[in-house]
Amino acid sequence: MRIFVLSVSMRADSNSDMLADAFSAGAAAAGNEVHKKSLRNLAIKPCNSCWACAKNGGHCVIDDDMKQLYAELDRCDFLLIAAPLYYATFPAQFFAFINRLYPYWTQKAYPKLDCAFFGVCADSDQSFELMDRTYFSLIGEIGWRNRKVLHVPGVVKPGDMRNHPALAEAEAFGRSLT
């Protein structure tokens, strides 16, 4: 299986990255091909609503790093979204990614994927409510199938994920995918 891991954190070696890396290690150990990209390393412009993609067969004309993500989405069987909670929801860069999925919508041709969402936050599990609504609205619209949601509350400082029990859960879930 080809797995694409999308890291949404804007900080290198973040707590959500550690969770994504544990998942990736488990998935690779199970024989899967794992590719990871981080939004912090990509320049993704917002959709400008030009509608070119509706007229040209679903190809976005904006020349930026979203092309890398389109290629990954078109080739993968499974998508993991790993994200920190920023001010009650996903970081802003994730919303640019969501909006740039529009070319698929214009063609009614989203890639058929299974997916999962792993989130970390400093607060309680209830803090994930808006993130969960965003995630489930997105995958519901697209037709992707959720396989797992993993919330890790109480992760405050950089590095707090080290030795956290959720890492073993993430790795075990990665190993379960074949």
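What is the volume of the largest pocket? In this predicted model, the largest pocket has a volume of about 160 Å³. The sections below describe the chain as a whole, its pocket and cavity, its aromatic rings and some individual residues.

## Overall form

The protein chain contains seven helices and five strands.

The C-alpha trace spans about 50 × 35 × 25 Å along its principal axes. For 178 residues, a compact globule would have a radius of gyration near 16 Å, and the value for the protein chain, 16 Å, agrees with this. Of the 178 residues, 50% count as buried.

## The largest pocket

The lining of the largest pocket is formed by 13 residues. Those nearest the centre of the pocket are Arg11, Asn15, Pro84, Val120 and Val155. By type, the lining of the largest pocket divides into eight nonpolar residues, four polar residues and one charged residue.

## The cavity

The structure holds one cavity of 30 Å³ or more. The volume of the largest cavity is about 100 Å³. Of the 14 residues that line the largest cavity, Cys47, Asn48, Cys50, Cys53 and Cys60 are the closest to its centre. The lining of the largest cavity comprises 10 nonpolar residues, three polar residues and one charged residue.

## Aromatic rings

Across the whole structure, a search finds 16 aromatic pairs. Because phenylalanine 78 lies in strand β3 (residues 78-84) and phenylalanine 173 in helix α7 (residues 165-176), the pair ties together parts that are 95 residues apart in sequence. Both phenylalanine 78 and phenylalanine 173 are buried.

Ring pairs also link Phe90, Phe94, Phe95, Phe97, Phe117, Tyr135 and Phe136 into a cluster.

## Lysines over ring faces

Two lysines are described here in relation to aromatic rings. Lysine 148 lies over the face of phenylalanine 173, at 5.9 Å from the ring centre. Lysine 108 lies over the face of tryptophan 105, and the distance to the ring centre is 3.4 Å.

## Glutamate 33

Glutamate 33 is found in strand β2 (residues 33-38). Its relative accessible area is 41%, so glutamate 33 is partly exposed, a class that lies between the limits of 20% and 50%. Glutamate 33 and isoleucine 3 are 30 residues apart in sequence, while their C-alpha atoms are 6.0 Å apart in space.

## Loop residues with positive phi

Serine 49 is a residue other than glycine with a positive phi, near 55°. Serine 49 belongs to the loop between β2 and α2 (52-55).

Asparagine 163 also has a positive phi, of about 65°, although it is not a glycine. Asparagine 163 lies in the loop between β5 (145-152) and α7. With a relative accessibility of 75%, asparagine 163 counts as exposed, since the exposed class begins over 50%.

Key
Residues numbered from 1 in each chain as written. Predicted model: local features only at pLDDT ≥ 70, side-chain atom pairs only at ≥ 80, totals over all residues. Heavy atoms only, no water. 1 Å grid on protein atoms, 1.4 Å probe; cavity = no way out; pocket = protein on both sides within 12 Å on 5 of 7 lines; lining within 4 Å. Points joined across faces, edges and corners; volume = space filled by probe spheres on them. Nonpolar A, V, L, I, M, F, W, Y, C, P; charged D, E, K, R; others polar. Phe/Tyr/Trp six-rings, centres within 6.5 Å; stacked < 30°, edge-to-face > 60°. Helix = DSSP H or I, 4+ residues; strand = E, 2+ residues; numbered from the N terminus. Buried < 20%, exposed > 50% of the residue type's maximum accessible area, 1.4 Å probe, protein only. Lys NZ or Arg CZ within 6 Å of the ring centre and 35° of its normal. Rg over C-alpha atoms; globule rule 2.2 N^0.38 Å.
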